[in-house]
Amino acid sequence: MFRLETDRALIQAFRPRDRRVIEMPKGVSFPYFVRDYLAWTETSGARVYLVFAASGSVRPIGIIFRRDSLGGERMASMCEWCHTYGASEVGLLTTDVNSKRRVGVSLCADLRCKDRLEDAADRAGRHPGEMLAELRARMSRFAQEVLGIKVESSSSVELSGDRN
Ligand SMILES: [Zn+2]
């Protein structure tokens, strides 16, 4: 769980290149407590936003995914984060690694992986805690290994780029 004090803190979670084009989530007032992660889809449907914190960290990490490959006839595929399988729910989301390179990853198009894991846990009579921890670990690995975002523990938080 982590807390976003202000809308500015939410924007600061994203990489500098993403910060000018953020559509804020609806129904969120600050300070805002995030239990697992926060995901919302742009009104246009073109992009989906993710804000989460790695386990042991209170520093939020924001990623913006494009959904331009969605629509039309789609093949069923599996979400790499929650393992939901389907054609309507799961699609290829892309995000910038840097100005020259984009990566695509097969994920729930609305990033509601958490809801689907909780449903699956309910049906199996399991506690969702462990599955949600795995979900956060997969998000962290993606941020760190694919996008090269530093996933810091709370002890080494350095708010670079937070100067006025
Ligand atoms: Zn998913």
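**Close-up views of the predicted model**

**View 1. Helix α3 (residues 129-146), its length and its buried face.** At 1.5 Å a residue, the 18 residues of helix α3 should span 26 Å, and the 25 Å between its end C-alpha atoms agrees with this; the expected span is taken as 1.5 Å times one less than the number of residues in the helix. Helices here are DSSP runs of H or I with at least four residues, strands are DSSP runs of E with at least two, and both are numbered from the N terminus. The model is a predicted one, in which local features need pLDDT of at least 70 and side-chain atom pairs count only at pLDDT 80 or more, whereas totals for chains, interfaces and linings use all residues. Residues are numbered from 1 along each chain as its sequence is written. The buried residues of α3 are Leu135, Met139, Phe142 and Ala143, and, seen down the axis of α3, they fall within an arc of 95°, so they line one face of the helix. The arc is that of the directions from the helix axis to the C-beta atoms. A residue is called buried if 20 or more other C-beta atoms lie within 10 Å of its own, exposed if 12 or fewer do, and partly exposed in between, with C-beta atoms placed from the backbone. On the other side of α3, Gly129, Glu130, Ala133 and Glu145 are exposed, while the cover over the buried residues includes β3 (37-41), β4 (47-53), β5 (60-66), β9 and α2. After α3 comes Gly148, which has a positive phi, near 70°.

**View 2. Helix α2 and what its buried residues pack against.** Helix α2 has twelve residues and reaches 16 Å from its first C-alpha to its last, close to the 16 Å expected at 1.5 Å a residue. Its buried residues are Cys113, Lys114, Arg116 and Leu117; seen down the axis of α2, these fall within an arc of 165°, so they line one face of the helix. They pack against β3, β9 and α3, whereas Asp122 and Arg123, on the other side of α2, are exposed. Gly125, which follows α2, has a positive phi, near 70°.

View 3. Residues up to four places away in sequence left aside, Cys113 touches Cys79, Trp81, Cys82, Cys108 and Leu135; two residues are in contact if their C-beta atoms, placed from the backbone, lie within 7 Å.

**View 4. The hairpin of β8 and β9.** Strand β8 (residues 90-96) and β9 pair in the antiparallel sense over seven bridges, where pairing requires that DSSP find at least two bridges between the strands. The two strands form a hairpin with five residues between them, and Gly91 stands opposite Leu107 in β9.

**View 5. Asp110, in the loop between β9 (102-108) and α2 (113-124).** Asp110 is partly exposed, because 17 other C-beta atoms lie within 10 Å. Not counting residues up to four places away in sequence, Asp110 touches Thr41 and Val48. The C-alpha atoms of Asp110 and Val48 are separated by 6.7 Å, although the two residues are 62 residues apart along the chain.

**View 6. Phe33, in strand β2 (residues 32-34).** Phe33 counts as exposed because it has 9 C-beta neighbours inside 10 Å. Leaving aside neighbours within four places in sequence, Phe33 is in contact with Met1 and Arg3, and its C-alpha lies 8.6 Å from that of Glu5, 28 residues apart in sequence.

**View 7. Residues 154-164, where pLDDT stays under 50.** For these residues the model has eight contacts beyond four places in sequence. The mean pLDDT of the protein chain is 88, and 90% of its residues reach 70 or more; pLDDT is the predictor's confidence in each residue, from 0 to 100. Where pLDDT is low, the predicted coordinates should not be read in detail.
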